[in-house]
Amino acid sequence: MKTHTVFFSPTQTGAIVAKAIQENLNAECGESFDLTTTAVEKAFGEDDVVIIAIPVYSGRLPSVAVERFQSIQGNGTKAVAIAMYGNAKLDDALLELTDLCTEKGFEVIAAATFIGEHSFTMKQFPIAVGRPDDADRDKAAEFAALIQKKLDAGGPFTLPELPGSRPYAKEPMNPPGVVATGVNDNCTKCGLCETFCPTGAITMTNDGPQMDASKCIWCCACVKVCTSHAMEITSTKVQEIAQRLHKHFQKRQEPQWFLA
Ligand SMILES: Cc1cc2nc3c(=O)[nH]c(=O)nc-3n(C[C@H](O)[C@H](O)[C@H](O)COP(=O)(O)O)c2cc1C
């Protein structure tokens, strides 16, 4: 048995949790398949265990992540499905993720929600800052131990009922047609924002990064990777959402898991 991770993780929180779970399983660690900036073709086998993490965007999976996942194929491969969310709402996203895994040939043996720092967090409106934190890492280890026990005991694997309902209540998250971020005078034109933008919405020019509103998915990867703090959330719409989330979703949510 070999373990692998597959993730779409613009601000890296899902990647961190997937790897933390992988490292705590009692098996050889295989590869990481990062779908954040590009699709990756991979077919897994029956002996693989794959930890899959995708973030919750407006209660659903981001459309671009679902599209990229189409090039991943399970063949009776065991999967652990992780929906990462920003301490606000999960809605139907975990159910959607397990459905997606099943459609793509995986047998989901465990599903979980973990909390990551909200992409829209701002200095004045912090939301789940620093998560996953040490306590979340401990939870990831605890979850991994339970998965290991299940794997050792063998199938059949039938998941309990998950939160959410079908048909999924909301529309999937597509580019809203408005750019979330803008650049200030600190910009050194290093190009990190262009490299890490999942959708190619940023082009570095002599005048600095140019943003394409038709491609921006509001993921804020450009804010998190910018080492000179030049990239900021400038959209008033996103700022208003951040303020609302900061006000209404302060109570710390904890990871939750569902084992077959
Ligand atoms: C466009 C957008 C919509 C989001 N919608 C939700 C949501 O509905 N509920 C929630 O709790 N968090 C929401 N988040 C926050 C992310 O799910 C959270 O920050 C997650 O940890 C990001 O995962 P990543 O670091 O792997 O990219 C949203 C983030 C973005 C960018």
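1. Valine 56 places a backbone N or O atom 2.7 Å from an oxygen atom of the ligand. The cut-off for such a polar contact is a pair of N or O atoms within 3.5 Å. A backbone N or O atom of serine 58 lies 2.8 Å from a ligand nitrogen atom. Glycine 86 has a polar backbone atom 3.0 Å from an oxygen atom of the ligand. The protein covers 96% of the 650 Å² of accessible area that the ligand has on its own (Shrake-Rupley method, 1.4 Å probe).

2. This is a predicted model: local features need pLDDT of at least 70, side-chain atom pairs count only at pLDDT 80 or more, and totals for chains, interfaces and linings use all residues. Residues are numbered from 1 along each chain as its sequence is written, and side-chain values use heavy atoms, with hydrogens and water left out.

3. The shell around the ligand holds 26 residues, and Ser9, Thr11, Thr13, Val56 and Lys89 come nearest. A residue is near if one of its heavy atoms lies within 4 Å. The shell divides into 12 nonpolar, 12 polar and two charged residues; Gly counts as polar, and Asp, Glu, Lys and Arg as charged.

4. The ligand takes the space of the largest pocket. A pocket is an open set of points on a 1 Å grid over the protein atoms alone, where a 1.4 Å probe fits, with protein on both sides within 12 Å along at least five of seven lines. A molecule sits in one if more than half of its atoms lie within 2 Å of its grid points. Helix H1 (13–23) and strand E6 (77–85) are the elements that give two or more residues to the shell (DSSP runs; helices at least four residues, strands at least two).

5. Domain 1 (2–167 + 251–259) and domain 2 (181–234) both give residues to the shell, so the ligand lies between them. The bounds come from an automatic or database assignment.

6. Check the backbone of serine 58. Its phi is near 50 degrees, a positive value in a residue other than glycine. Serine 58 is in the loop between strand E4 (48–55) and helix H2 (63–69).

7. The peptide bond from glycine 155 to proline 156 is cis, with omega near 0 degrees. Another cis bond joins arginine 166 and proline 167, with omega about -5 degrees.

Terms used: A polar contact is a pair of N or O atoms within 3.5 Å; within protein, one must be able to donate a hydrogen and the other to accept it, and residues adjacent in sequence count only if both atoms are side-chain atoms. On a 1 Å grid over the protein atoms alone, a cavity is a set of points where a 1.4 Å probe fits but cannot get out, and a pocket is an open set with protein on both sides within 12 Å along at least five of seven lines; lining residues have an atom within 4 Å of a point.
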